[in-house]
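This report describes a protein chain with a ligand, part by part. The structure is shown first, and the notes follow.

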Amino acid sequence: PYTYENSRRLFEKAAGVIPCGIYGHFSPAPLVPPENYPFFAQKASGARFTDIDGNEFIDYMCAYGPMVLGYNCEPVDRAALAQLEKGNCLSCPGPVMVELAEKLVNTVAQMDWAFFAKNGNDVTSYALMVARHATGRKKIVAIRGGYHGTAPWAQTFGHHGVTEEDAAHMVRIPWNDAAAFEAVLEQYPGQIAGFIATPYHHPVFADNEMPAQGYWQKIEALCRKHGVVLIVDDIRCGFRLDLRGSHVYFGFTPDLVCFCKAIGNGYPISALMGTDALKSAAAKVFYTGSYWFSAVPMAAAIATLDEMARINAAAAMLAYGEKLRDGLIETARRHGYDLKVSGHPAMPYLRITDDPSLMLHQRWCGECTRRGAFFTSHHNWFVSAAHTEEDLARTLEIADEAFAVIGDNPQKK
Ligand code: PMP
């Protein structure tokens with residue numbers, strides 16, 4: 001099994017000059033037990049990355065979503081480099097910005113315009129401002145446990161540095177509960193500006209949940225009836241379920257859709273898209289950033305969208321995800337364990353159900369990682385269009401070896 005001396009040494013150095021050493025979603029904190037995980041990556045290609053100790057991993061986190069076509073994807077990098085030779089961050093946007101907006105409008109169903117930023121958080125926050133300006137209302141309904149970034153409004157009071165007032169106009173309701181939304185609409189008549197949710201519920205440390213039959217259609221109808229702006233946070237699912245947007249996959253029409261992650265195969269760019277009805281409201285909200293007009297990520301995004309369409313990336317990820325799911329469930333079964341896989345096959349969340357504490361599951365994920373399949377235990381995984389049959393076969397071998405290390409389920413013997 002792998003060892004990580006260089007990662008450990010560099011982490012100690014990092015902690016001297018960077019708060020937390022590595023912060024946010026890349027923090028080693030949830031990588032339990034930590035001795036099973038690398039902390040720093042050196043290089044990557046296709047569906048694999050190599051850490052600074054020279055260990056190679058089949059990557060099931062895909063940079064937590066941005067990598068969708070494989071690392072160092074040739075057509076994307078070629079487009080980015082060609083743009084870099086012309087210019088990147090200049091005093092006016094390049095024509096590439098208009099080209100990307102046109103491509104997105106022609107790709108994503110029912111959306112008439114696109115606005116670009118860098119991170120997911122930028123566009124979820126902008127979506128709220130647009131909804132508030134368009135309706136003249138303050139309150140936003142969101143899902144309990146739903147993640148929309150680290151802006152203070154998106155965090156919970158009690159998180160460090162977040163005040164009660166930051167989320168004063170947020171109303172949180174349970175996922176898949178249209179009746180709860182109806183109750184909130186009655187409780188705050190004429191005060192709800194927007195409803196924001198991810199296409200399906202993908203919390204950490206918990207099974208992921210698809211929308212119940214008719215859920216989105218009920219939410220859409222309630223939004224229409226009460227003049228509420230329907231915002232889809234498609235930052236994590238976007239382009240993995242359907243190139244036309246996850247609202248197509250689930251059969252409803254939102255007013256605003258937030259994209260990030262997969263849109264540029266790792267180049268920094270996010271987008272808010274919306275319908276014509278909200279275009280003038282969006283135009284009035286002042287919102288911008290130092291790097292938001294950079295041309296290189298825009299060129300990369302055009303190439304990523306073209307390549308995803310050319311190879312039907314969503315279908316490839318679904319097919320790989322289904323084989324991975326079925327193979328892992330069968331491997332677990334052979335060792336007497338029940339592995340529950342929830343969410344979409346391209347973004348599966350896994351849990352060994354014989355282990356409510358998750359400790360066994362954490363150990364299994366860690367033992368897989370130490371053998372070359374990078375599995376986290378707390379977060380949904382991601383597959384990419386670059387994962388191959390060879391990656392799949394090796395992953396299942398590793399999963400089998402890791403079950404052998406933790407031992408067959410004693411209760412099922
Ligand atoms: N919304 C969702 C659904 C996300 O998954 C994320 C990122 N994990 C965000 C918003 C925030 O995106 P960013 O970290 O780029 O600000």
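## The sheet

Phe115 stands opposite Leu272 in strand 10. This is a predicted model, in which local features need pLDDT of at least 70 and side-chain atom pairs count only at pLDDT 80 or more, while totals for chains, interfaces and linings use all residues. Residues are numbered from 1 along each chain as its sequence is written.

Strand 4 and strand 10 (residues 270–274) run antiparallel and are joined by five bridges. Strands here are DSSP runs of E with at least two residues, helices are runs of H or I with at least four, and both are numbered from the N terminus. Two strands pair if DSSP finds at least two bridges between them. Seven strands make up an open sheet with mixed pairing, in the order 4-10-9-8-7-5-6. Strand 4 (113–117) and strand 6 (170–173) stand at the edges with a single partner strand each, so one side of each has no neighbour in the sheet. From one strand to the next the twist averages 20° (axes are lines fitted to C-alpha atoms, for helices over the stretch in contact, and angles run from 0 to 180 degrees between N-to-C directions).

## The two domains

The protein chain is divided into domain 1 (5–60 + 313–412) and domain 2 (74–311), with bounds from an automatic or database domain assignment. Their C-alpha centres lie 28 Å apart.

Contact between two residues means that their C-beta atoms, placed from the backbone, lie within 7 Å. By that criterion, 16 residues of domain 1 touch 16 residues of domain 2. On the domain 1 side, helix 10 (313–334), strand 11 (339–342) and strand 12 (349–352) each supply at least two residues. Helix 10 has the largest share of that side, four residues.

## Tyr320

Tyr320 lies in helix 10. Tyr320 is buried because 22 other C-beta atoms lie within 10 Å (buried is 20 or more, exposed 12 or fewer, partly exposed in between, with C-beta atoms placed from the backbone). Leaving aside neighbours within four places in sequence, Tyr320 is in contact with Val383, His387 and Leu392.

## Around the ligand

The residues around the ligand include Asn119, Tyr147, His148, Asp233, Arg236 and Cys260; a residue is near a molecule if its C-beta atom, placed from the backbone, lies within 6 Å of it. Helix 4 (residues 120–135) gives the most to this shell, with three residues.
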